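Let's take a friendly walk through a protein model. Have the sequence and the 3D view open as you read.

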Amino acid sequence: MALRTIRQAGDTILTKKCRPVTAFDARLHTLLDDMHETLIHAGGVGLAAPQVGILRRVCLVMDVSKEDLSEDEQIVELINPEIIETSGEQTGYEGCLSVPGMYGIVTRPDHVKVRAQDRNGSWFEYEGDELVARAFCHETDHLDGHLFSELTDELLTEEQIAEIEQEQTE
Ligand code: CO
């Protein structure tokens, strides 16, 4: 396994639409293994292939609701994912490993069901709530060349968010 470089906002690769995966081979497995390591090292909750420079429909989402599992075991591998059901609504801060240190308020569904293939090509369905639902939307958006920053009015640093929250409690 190897760490891959995470592309930063401004890199045009992040604006491109990814092609479907057709070969479930050793090359895909190496990409997935490298993405696992890169995601855990970066401390994120999701990572999409274009963020490591690969224009294929591959992403990882960490199911943080599975608190008894290790970080690596929490990772759900999604190949050619499609969101097939959404419900509810949540509004809150969202960030991205390609936009480090910046957060913005984004409204997303509160419950999301995805259909995707695993690393061997078998189709499965997976459901998530709250942060997991948010991550499913965020990561599948990456596969179509979209960043969360398109969905928010302003980007703020952690310090700015802390100041706003401080003002609200006063
Ligand atoms: Co992202």
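This is a predicted model: local features need pLDDT of at least 70, side-chain atom pairs count only at pLDDT 80 or more; totals for chains, interfaces and linings use all residues.

A disulfide needs two cysteine sulfur atoms within 2.5 Å. The structure as a whole holds zero disulfides. C18 is in none either: its nearest cysteine sulfur, that of C59, is 9.4 Å away.

**Buried residues**

Next, look at how much of some side chains can be reached from outside. A residue counts as buried when its relative accessible area is under 20%. Here are some residues that meet this cut-off:

| Residue | Relative accessibility | Class |
|---|---|---|
| C18 | 4% | buried |
| C137 | 6% | buried |
| Y126 | 18% | buried |
| F136 | 1% | buried |

**Rings**

Two residues of the table meet again here. The structure holds one aromatic pair. Its partners are Y126 and F136, with ring centres 6.1 Å apart and planes at 75°, so the pair is edge-to-face. Y126 belongs to strand β7 (residues 123-129), whereas F136 belongs to helix α3 (residues 130-143), so the pair ties together parts that are ten residues apart in sequence.

**The cobalt site**

Which protein residues are donors of the cobalt ion? They are C96 through its SG atom, and H138 and H142 through their NE2 atoms, lying 2.1 to 2.3 Å from the ion. Along the chain, these donors follow the spacing C-x41-H-x3-H. H138 and H142 are both in helix α3, four residues apart, so about one helical turn separates them. Both H138 and H142 are buried.

**Strands side by side**

Finally, turn to strand β5 (residues 102-108), which runs antiparallel to strand β4 (residues 90-94) and is joined to β4 by five bridges.

Key:
Residues are numbered from 1 along each chain as its sequence is written. Side-chain values use heavy atoms; hydrogens and water are left out. Buried means under 20% relative accessible area, exposed over 50%, partly exposed in between (1.4 Å probe, protein chains only). Rings of Phe, Tyr and Trp (its six-membered ring) pair if their centres lie within 6.5 Å; planes under 30 degrees apart count as stacked, over 60 as edge-to-face and the rest as tilted. Helices (H or I, at least four residues) and strands (E, at least two) are DSSP runs, numbered from the N terminus. Two strands pair if DSSP finds at least two bridges between them. Donors are N, O and S atoms within 2.8 Å of the metal (3.2 Å for Na, K and Ca); water is not among the atoms, so sites may look incomplete.
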